[in-house]
Amino acid sequence: MKPTLALALLVGGLAHAEAGWLTAQGRITEGAELAVYGGPKSIGIGLLRSDNHNPGRGIGAELAWSLADRVVEVSAARRWQLGEPGKATFSGTVGLAGFIIPEGKFDLALGPNVGINAGFGGKAISFEVGVLSGVELFTRELFRFPQRLQVGVRAQLGRVTLRLYGRAGVDLILERNYILRADAVLCVGLLNRQ
Amino acid sequence: MWRFAPLLLLTGCGLASPRSGEVLSPGVAEAVFEHRGFGTDLLHTRIVFPARDDGTPRTGPFPAVVFIQGGLVPESRYRWWAEALAREGYVVALPTHAFDLAIFTIDSGSEARKLLVAPPPSLLTGLVDPNRVAVGGHSLGGVVAAKLSLQGGFAALLFEASLPDAADERGLSSLKVPSMSLAGSNDCSAALADVTEGAKSFASPTALVVLEGVTHYQFTDSEKEDVARNCAAGVDLQTAHARIVAASKAFLDAAMSARPNVGADALSAVPGSTVTTR
């Protein structure tokens, strides 16, 4: 029982990011970063970039393919550093997430999400925690309210970054029962500067 | 050909909606459907149905049951029950759940019902009477089945070795469909006293049927878990299965008839049964 539940929390059979993986990070890194990621249920690619004249702000965009559900996930977010970076560094995100469901009855979904993230540590290694909340409106009569907690570690060696993130939470749906969600990904990124 | 492989990966092959199934035994076949639920999720439901020798469905419409697996028990372990009911003219849907835990996605059962009553072009077309779809479950699956029944759309509720969530007791006390709690007297997981107490939550018409000597896992295809924990059965597995099917059929036939009831007389005729109705 316990191993199964632990496994479920790590690599849940029903995934979906419902917001970017990469943007859920406390410290906004100066410059640009291209990253690819993969997990048991999805693969994706993302781009993070700080503003030219204000490294405390940035944007991020991701494109993912859900292998299990055969759904395209797209997300983009604006990021703000909250306070001065230090041993504990905080950021906020406001973004949009969308889905393209090509099979069966074609469907589309889009909705906003917000997140608060904290990174504990430095540029080289940090422990990351984030909470995400969103709304998703489907063209076929469905509202979902995804709520997630994301935890993980980020490491940087030179221009290369490595992240291992896990995410768990629920989707709340009006007048229906909750859906438990869990997922994990490994991300490898390349910065355009050290 | 292979240059189209990336495109195939991105668009998939379309959702699996079979026109025929694999014959399990004379008169019964099985097919696995893919269907979309909760917006993005790709769900899989095993359908066991009355069939011809070539695996195509017999002419419907038939009554149906959406059956929810017990916790950590693969849905395939209820295929024997589904097969027996299909032989009696029922379509049985067994939705699959991540890690065999229906509590992860409770509403997979509702999505399975949607698949039955509004199917894509497939063997399910015209196969199910949309007004005669029951929901049932074993153990933890019974808890989930009760939650599904409260959402409406189901014509009957069947509990197997289970008791409802306390949060649902109020809703179940005003549920407008027939219900049956089918219990085993030798159940070492869902104690008979607890099941009996839980059955008090159900609104009339309802039946509590206790099968003498039956254990918790005799509701599945094997009693190995009972044996492992020295939980002794009073009847052999084959006998237990025959009585479970007889009671299930007696209840479902009556609950989804023109005058819905629990089928008290037919239930009392099941060997080794003690029936309490109200």
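Tutor: Start with burial: a residue is buried if 20 or more other C-beta atoms, placed from the backbone, lie within 10 Å of its own, exposed if 12 or fewer do, and partly exposed in between. Helices (H or I, at least four residues) and strands (E, at least two) are DSSP runs, numbered from the N terminus. This is a predicted model: local features need pLDDT of at least 70, side-chain atom pairs count only at pLDDT 80 or more, and totals for chains, interfaces and linings use all residues. Residues are numbered from 1 along each chain as its sequence is written, while chains are lettered from A and ligands numbered from 1 in the order in which they are written.

Student: Which residues of H2(B) are buried?
Tutor: Apply the C-beta count to the helix, residues 79-87 of chain B. The cover over its buried residues includes E2, E3, E4, E5 and H8 of chain B. The buried residues of H2(B) are Arg79(B), Trp81(B), Ala82(B), Ala84(B), Leu85(B) and Ala86(B).

Student: At what angle do H2(B) and H8(B) pack?
Tutor: Two packed helices are described by the angle between their axes and the distance between the axes. Axes are lines fitted to C-alpha atoms, for helices over the stretch in contact, and angles run from 0 to 180 degrees between N-to-C directions. For H2(B) and H8(B), the axes are 10 Å apart and the angle is about 50°.

Student: What is the name for that orientation of H2(B) to H8(B)?
Tutor: Angles under 35 degrees are roughly parallel, over 145 roughly antiparallel, 65 to 115 roughly perpendicular, and the rest oblique. The angle here is about 50°. Therefore H2(B) is, relative to H8(B), oblique.

Student: Is the crossing of H2(B) and H8(B) left-handed or right-handed?
Tutor: Look at how the near helix is turned from the far one: anticlockwise by less than a right angle is left-handed, clockwise is right-handed. The crossing of H2(B) and H8(B) is right-handed.

Student: How do the residues of the contact of H2(B) with H8(B) divide?
Tutor: Two residues are in contact if their C-beta atoms, placed from the backbone, lie within 7 Å. Trp80(B), Trp81(B), Ala84(B) and Leu85(B) of H2(B) meet His241(B), Ile244(B), Val245(B), Ser248(B) and Lys249(B) of H8(B). Ala, Val, Leu, Ile, Met, Phe, Trp, Tyr, Cys and Pro count as nonpolar, Asp, Glu, Lys and Arg as charged, and the others, Gly among them, as polar. The contact of H2(B) with H8(B) divides into six nonpolar, two polar and one charged.

Student: How far apart are the end C-alpha atoms of H8(B)?
Tutor: The expected span of a helix is 1.5 Å times one less than its number of residues. H8(B) has 19 residues, so it should span 27 Å. The distance between its end C-alpha atoms agrees, at 26 Å.

Student: What is omega for the cis peptide bond of Ser204(B) and Pro205(B)?
Tutor: Pro205(B) lies in the loop between H6 and E9 of chain B. The cis bond joining Ser204(B) to Pro205(B) has an omega of about 0°.

Student: Is Ser139(B) buried or exposed?
Tutor: Ser139(B) sits in the loop between E6 and H4 of chain B. Its phi is positive, near 60°, in a residue other than glycine. Ser139(B) has 26 C-beta neighbours inside 10 Å, so it counts as buried.

Student: What is phi of Ala161(B)?
Tutor: Ala161(B) is in the loop between E7 and H5 of chain B. With 28 C-beta neighbours inside 10 Å, it counts as buried. Phi of Ala161(B) is positive, near 50°.

Student: Is Lys224(B) buried or exposed?
Tutor: Lys224(B) lies in helix H7 of chain B. It has 10 other C-beta atoms within 10 Å, so Lys224(B) is exposed.

Student: Which elements of chain B give two or more residues to the side that touches chain A?
Tutor: 20 residues of chain B are in contact with 30 residues of chain A. The chain B side divides into nine nonpolar, seven polar and four charged. The elements giving two or more residues to it are H1, E2 and E3 of chain B.
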